[in-house]
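Biologist: I would like to learn how to read the surroundings of a single residue. Please show me with an example.

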Amino acid sequence: MSGGYPVRTAEDIAVGAPDFDHDHATPLARAAEHVVLARQGARLRPAMPRPPATRVFVVANQKGGVGKTTSTVNVAAALAQLGQRVLVIDLDPQGNASTALGVEHRRGVPSTYDALVDGVPLAEVVSVSPEVDGLCVVPATIDLAGAEIELVSVVARESRLRKAILGHPQVGSAEELGDDRFDYVLIDCPPSLGLLTLNALVAGNEMMIPIQAEYYALEGLGQLLETVEMVRAHLNPALDVSTILVTMYDARTRLAAGVAEEVREHFGDQVLNTTIPRSVRVSEAPSYGQTVMTYDPGSPGALSYLEAAREIATKGARP
Ligand SMILES: Nc1ncnc2c1ncn2[C@@H]1O[C@H](COP(=O)(O)OP(=O)(O)OP(=O)(O)O)[C@@H](O)[C@H]1O
Ligand SMILES: [Mg+2]
């Protein structure tokens, strides 16, 4: 092609135009294409209606490595691309969500720990994510690893996060706050059922459980659901397991299809129609301090997370 580098626009993607040959693109050209796509994608993705009040989602599964953090950051970025105002609270001392959303989380940065343990107002520990307009993050520093034990002796130890979130001046209804409100708060939990996750379950109205499409997918879920029942009975009757998301789905295997089927039999219409494919682009994005939504907005992983976010936003439009 003379003098030109074929940039695939978000419009092409929308109409299903074939991908060009990436091998002929220089890294710089590829990076430029991604920036253009990310910007256009954000503009061309028609905004969804905002929910009438802030929806607080707990993203939890005590099993490790099932896609909690990946789903939190990508659904958050996708919701922001759909015109929603989103706050991610990183509740995992590993700080992976903070990394993926491109915010600083070394020791000393105002963080979840300060809000949870020292009672610093949540609004004072929020960072703006450079990823997408409308996306903010409360980062997690390594200090949070100690919180699990430090909280044991603190008053109202299981409702600290709830108090912090409800005390944020941009959390509430459209009636009270007008446009200046968060539409979604997404809490990324660590892989355990300790006091940190308990704080999230007490703080949330809804729960999103990512389930990896693999053989032992449903194992351990019983314990998680028992904990949810306990929380509902004693601490937070409003908690609703509204969303199950099947992740790392490999369409080539019968096993993945079988697992997805089993999850649907078990949870019915709580399961999103969209499944997230296993894709290298999704797993690469965090090493660039990005979500796949900006790292490779036209990739199947990004388009699936966008579709999942649309489903979530549509469900929330119900009265
Ligand atoms: N759709 C996907 N395709 C390919 N790799 C993925 C996908 N989703 C997640 N991964 C990879 O799987 C690993 C685990 O994902 P992730 O960190 O999101 O899980 P997690 O449940 O948050 O883990 P933890 O329990 O440690 O917090 C990561 O290396 C991530 O990059
Ligand atoms: Mg995680």
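Biologist: Leaving aside neighbours within four places in sequence, which residues is R55 in contact with?
Modeller: Contact means heavy atoms within 4.5 Å. With those neighbours left out, R55 is in contact with D183, Y184, V185, N205, E206, I312, A313 and G316.

Biologist: What should I know about the model and its numbering?
Modeller: This is a predicted model, where local features need pLDDT of at least 70 and side-chain atom pairs count only at pLDDT 80 or more, while totals for chains, interfaces and linings use all residues. Residues are numbered from 1 along each chain as its sequence is written, chains are lettered from A and ligands numbered from 1 in the order in which they are written, and side-chain values use heavy atoms, with hydrogens and water left out.

Biologist: Which side chains make a polar contact with the side chain of R55?
Modeller: A polar contact is a pair of N or O atoms within 3.5 Å; within protein, one must be able to donate a hydrogen and the other to accept it, and residues adjacent in sequence count only if both atoms are side-chain atoms. The R55 side chain has such a contact with the side chain of Y184 at 3.1 Å, and another with that of E206 at 2.8 Å.

Biologist: Is R55 buried or exposed?
Modeller: Buried means under 20% relative accessible area, exposed over 50%, and partly exposed in between (1.4 Å probe, protein chains only). R55 counts as buried because its relative accessibility is 8%. Of the 319 residues of the protein chain, 51% count as buried.

Biologist: Where does R55 lie?
Modeller: In strand β1, residues 55-59. Strands (E, at least two residues) and helices (H or I, at least four) are DSSP runs, numbered from the N terminus. The protein chain has 14 helices and 7 strands.
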